[in-house]
Structures are given as C-alpha cells and as structure tokens.
Amino acid sequence: MKLYAPSTIKEIKNQYNFRLSKSLGQNFLTDKHIIDRIIEGSRIGPEDLVIEIGPGIGVLTAEAAENAKRVVAVEIDNGLIPILEDTLKEYDNITILNQDVLKTDFSTIVSAYKTEGKTKIIGNLPYYITTPILMKLLEERVLADSITVMMQKEVADRIKADPGNKNYGALSVAVQYYCRVSQIAEVPKEVFFPPPKVDSAVLRMDIREERPVVLQDETLFFTCIRAGFGQRRKTLLNSLTGAAGLSKDAVREVLQTAGIDSGRRVETLNLDEFATLANSMADYKSSH
Ligand code: SAM
C-alpha cells in the first residue's frame, strides 16, 4: 500500500470516517520524492532518535522508522491515533504520543528514548503554528542536533534571509543565532492533499553547539532585536529609544560605544553587530 497516494488517503478517510481538519493544518504529503528529500535531508542515522511533529497518517513516520533506531511522533488529533496504529503496525520502533506539540516536554522524550545516537526533529509542520513551534524548540534549547521541517515558503524565506534582504527580521536573527540554516527543497502546493494556499519549503536547522556570538546578557540581545524590528522603518536611534528603559541620549551613547551609526536601520545589522550593540547596552546599564 502506498500510504502517500491520494487514493489511500481517501480510502482511510472513508474507512475511519475521518474528516480532515483545516484548522489543524492537515495537508498531507502525497509525493514520495519530497518525502525522501526530507528523510535524506535530515541525515538520520541507524542509531538516531527521531521526534516527528504532526505525523498525520504516517507517511514520514514510516520512512523515518526505516532509517532510525526509534521514532516518537507527536500528534494532537485523536482521530488520527487509531489510523496511525493501523498504518504503522508493521514497525516496532515507533511510539505515538497524542499531544499538543506546543505543550510537549521534549526533554522527557529525549531522556526516555535516546540511545547512543543523535536526536533529529522532523516534520511537515502544521503551518498555523510554525513560528511558535520553532521558537519553543530553540528557546527551550531542545536537546536535538537538527530540525528538518517543511513550512510555508514565506516563513522559510524569512528564516534564511540575510541582512539587507526585505525578508530579514527578528525571526531570521533568532533562528540564525541558535542554528545554521540550509534549504533542502522548495515544494509546490500541488503535492499535498488537500493543497494548501501557499507554496512550501523544507529547511534543515542544525543546532549550534556553541553560540556564534559572545553575549553578556542574552535577554538584552533579544530586547534589541524585538525593539529594532518592531519599528523597522525608523532609525536605530529612534527604534531603540525606550528599549530596556533607555532614554534617547542613553541609546545615542550605547550606539556610539558600539561603533554603530545611529542613523542606520535595524535591517542592516548582522548577528555580530546585534551582539556588539547588546553588549554595549549591558555595559551602559551596569555603569549607570
Ligand atoms: N506528516 C503528515 C504528512 O506530511 O502528510 C501530516 C502533516 S500536516 C501538514 C500537520 C500535522 O500536524 C497534522 O497531522 C495535524 O493534525 C498535526 N498537528 C496540528 N497541530 C498540532 C499540534 N499542536 N500538536 C501536534 N500535532 C499537530
């Protein structure tokens, strides 16, 4: 049985009286080539633990189970659980958790299932929560080596954007701070059942073992990013005024010490410059 064939999805829907939920972002993959690209792109090894977000009817889950030591798949829709138990019954290395991924404790999964291998997170994400899922994983410092996931192309473009690009924003800086980002594939909407409204892309985010910049205060780093991009059309002097409780004069001094022109816009700053700015802000705050 080709699990990914649209005819199989239709058969399963009828057999289980299952209704696809738009609000849960249920657009299932129907293209073996793309499934293979995600699995190859995630570089799963035979000793690895794979955690899959949103298995649907199990197309990626089955392929991951062929390659990994163990797969733990987190699916919120309880209507899909009996279906997954059936479609994946030939595998003895898959665990399905009926949970909301945003409430999932990834560290418990890792400590329960990890062996000598690495931990890889994969998925064709529910698009309504792409950013919250990624920020949860990164901010909680998930104990994984990489995250290889399909998302809407527009979000992938934002994540991988460089300074000066119109898509460069707080999400780009945040993800690039935690990860090295590479695009694995661009995916047209036609390969999903039902097709979503937008095109998609697969990114692999390799989680950095060491941070790329040295920060005195990580919270201030993110404060600068949020404040700057919150008012991205303004000059740095204006967009940062009020951030971390600093007056305009204080921000002027912080920027001057950092060697950053106060008339620049936030979208021109690279990761190193954000770090210099945040460290200069930390120095200012500790000396005033
Ligand atoms: N992996 C399957 C595929 O590629 O065909 C399904 C992908 S579909 C885009 C997203 C999946 O995530 C659906 O199965 C949906 O029910 C599930 N999902 C949606 N919100 C979720 C949440 N908060 N936690 C866990 N799973 C969720």
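A residue is counted as buried when its relative accessible area is under 20%. In the predicted model described here, F221 has a relative accessibility of 0% and therefore counts as buried. The same cut-off places Y177 in the buried class, because its relative accessibility is 2%.

Seven aromatic pairs are found in a search of the whole structure. In one of them, Y177 and F221 adopt a tilted arrangement, with 4.9 Å from centre to centre and 45° between the planes. The pair links distant parts of the chain, since Y177 belongs to helix α8 (residues 170-178) and F221 to helix α9 (residues 218-230), 44 residues apart. A second tilted pair is formed by F229 and F274, with a centre-to-centre distance of 6.0 Å and an angle of 40° between the planes. F229 lies in helix α9 and F274 in helix α12 (residues 271-287), so this pair ties together parts that are 45 residues apart in sequence. Both F229 and F274 are buried.

When residues up to four places away in sequence are not counted, F221 touches V173, Y177, L215, L271, F274, A275 and A278.

Helix α6 (residues 130-139) is mostly covered, seven of its ten residues being buried. The buried positions are T130, I133, L134, M135, K136, L137 and L138. K136 has a relative accessible area of 12% and is therefore classed as buried. With neighbours within four places in sequence left aside, the contacts of K136 are V101, L102, K103, T104 and F106.

Helix α6 is followed by R141, which lies in the loop between α6 and β6 (146-152). The phi angle of R141 is near 50°, a positive value in a residue other than glycine. R141 is partly exposed, with a relative accessible area of 36%. A positive phi, near 55°, is also present at A244, likewise a residue other than glycine. A244 is located in the loop between α10 (236-240) and α11 (248-258) and is partly exposed, at 26% relative accessible area. A further backbone feature is the cis peptide bond between F193 and P194, for which omega is about -15°.

The largest pocket holds about 670 Å³ of space. It is lined by 38 residues, of which L24, G25, Q26, N27 and P126 are the closest to its centre. The elements that contribute two or more residues to this lining are β1 (28-29), β2 (49-53), α3 (59-67) and β3 (70-75).

Methods. Residues are numbered from 1 along each chain as its sequence is written. This is a predicted model: local features need pLDDT of at least 70, side-chain atom pairs count only at pLDDT 80 or more; totals for chains, interfaces and linings use all residues. Side-chain values use heavy atoms; hydrogens and water are left out. Buried means under 20% relative accessible area, exposed over 50%, partly exposed in between (1.4 Å probe, protein chains only). Helices (H or I, at least four residues) and strands (E, at least two) are DSSP runs, numbered from the N terminus. Rings of Phe, Tyr and Trp (its six-membered ring) pair if their centres lie within 6.5 Å; planes under 30 degrees apart count as stacked, over 60 as edge-to-face and the rest as tilted. Contact means heavy atoms within 4.5 Å. On a 1 Å grid over the protein atoms alone, a cavity is a set of points where a 1.4 Å probe fits but cannot get out, and a pocket is an open set with protein on both sides within 12 Å along at least five of seven lines; lining residues have an atom within 4 Å of a point. Grid points are joined across faces, edges and corners, and a volume is the space filled by probe spheres set on the points.
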